[in-house]
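I opened my notebook for a first look through this structure. Come along as I jot down what I looked up.

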Amino acid sequence: MSTPAHIPPVWMRRTSRQSLLLWLGWLALVALFVWCWQVMTQSTIWAFVLDAPDQAADIGSRMLPPEWGYLPELMLPLWDTLNIATLGTVGGVIMAVPVAFLAARNTTPSATFLRPVALFIIVASRSINSLIWALLLVAIIGPGLLAGIIAIALRSIGFVGKLLYEAIEETDARQIEAITATGAGPAQVLTYGIVPQIMPSFWGISVFRWDINIRESTILGLVGAGGLGLKMNASLAVLAWDQITVILLLILGTVVLSEALSAKLRKAII
Amino acid sequence: MPACFQFGKTAMLRLTNLSKTYRTGDKALNDVSFEVHKGQIIGLIGPSGAGKSTLIRCINRLVEPTGGEVRLGEVNLVTLGKSDLRRQRRRIGMIFQEYALVERLSVMENVLSGRLGYVPFWRSWLRRFEGHDIQRAYELLDRVGLLQHADKRADALSGGQRQRVGIARALMQDPDLLLVDEPTASLDPKTSRQIMRLLTEICSERGLPAIVNIHDVPLAQHFMQRIIGLRAGTVVFDGVAEALDETVLTEIYGAEDWNALRPETPAEPARAPVEVPA
């Protein structure tokens, strides 16, 4: 076979320089891992670690059998937990929608001022865990459901706002252009061109967040924001491990149910 | 402009030295000037990137022109403020390459969206359109043969059906001018012809002028009397469809054997297979 002169004889994905750099990068990562492992284990008391199976077995034996008689007492806190999650999600979504429209590049009225503000709200909301929000709010408005609801709502703004603004930015520009071309006003372009396109995302995101909020609201009681966590805190304080088993199983059951429900709802919407 | 296009009436649309330079410095349109009269359908042809899309979008200012004038009747569209521009946009119906229907709305909602410029926000939001608008929407759907699909979602229709909805939406505006951007580019040859036939019929029924961007030269020649050829943002041809000969096509698109695919010329002898180096 004769190869014309202008055709390179070999092909490689990377130049040898790139390969060397890549290899060095991996080496650095492995070295970092080894070093981290060393730091991590420095303050570990190995006697405790070796003891772990016995400790686990001990707690396990105290957790079993579950004290099922405790279950009726948990129904009201469970109802509270569901309310915190649901009302918190509704509140969060209501606040997130305008933030999302301000944050999306294609709908923001001012890219230089309002968009950064909206992005900041989203980041601030997301960077603080619900539990921390609850801690702050319990200190400000006192313990109870309201603190839990507001904590969940504030945490949800960031999540819903971020996913929703991304959905707004991914809308098909041609559909919006077509509505604009009819002579529609800005509010009409929004309701006819953009809103129909983001409806599936909107419902999907909201239901998904509700599902997450059910999980989060089960522990908010730990800091006094009402719901199942309050009961868990009380049981932990008196080392009633058999009651804690019941609470954990109840949380598990609730989360499984809410997840199944949210999966069904999302499927129905999209 | 050739004499045959002057009907002795004032032009419906007059472009004067229309220019568009993008921020990147690309000159998309270069002193484009022509007139469109009532009832006249113009085929706008030219290679990809010649500025056909930019040209029709500069007319209703979906793209802002950087120079020149666009006169629709007596109004210069280029200098209008936002709300005046919206009022003028109602007079210009637009039909798009990939239909650009709002996919998740029903066919009826899509057709009624042609009235958005005429109804207040709350009415459109609650879908409480006026009785005569709804009546008209049904009539237009009947005209384009989709009456029984009125309540289907737009994304449930086929390509040809969607383009018919697009046509009905544009007509719903009761326009004085149609801008049509590659109406058949996503359609098969038969549907393309049906859509072009429908468009030309509707235009002549209503004496509606139209500018149609089109890639397919034979289709353009078949359905349009007047053709404008655009090359690199400049009008290089403006004349009757019959005048589109080899020289003109080369002028517009560049050198190519234009007769090779024409049905009236005898088929070329099959070429010898290209030798592949072993």
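I started with chain B and found an open sheet of six strands, in the order β6-β7-β8-β3-β9-β10, with mixed pairing. (Strands are DSSP runs of E with at least two residues, helices are runs of H or I with at least four, both numbered from the N terminus; two strands pair if DSSP finds at least two bridges between them.) I noted that β6 and β10 (234-240) of chain B stand at the edges with a single partner strand each, so one side of each has no neighbour in the sheet.

A note on my source: this is a predicted model, where local features need pLDDT of at least 70, side-chain atom pairs count only at pLDDT 80 or more, and totals for chains, interfaces and linings use all residues. Residues are numbered from 1 along each chain as its sequence is written, while chains are lettered from A and ligands numbered from 1 in the order in which they are written.

Next I looked up β3 (residues 41-45) of chain B, which runs parallel to β8 (residues 210-213) of chain B and is joined to that strand by four bridges. There I saw B:Ile41 opposite B:Ala210.

Then I turned to the contact between the chains (C-beta atoms, placed from the backbone, within 7 Å): 20 residues come from chain A and 23 residues from chain B. On the chain A side, α8(A) gives the most, with eight residues.

Just after α7(A), I noted a positive phi of about 95° at A:Gly183.

Conventions:
Contact = placed C-beta atoms within 7 Å.
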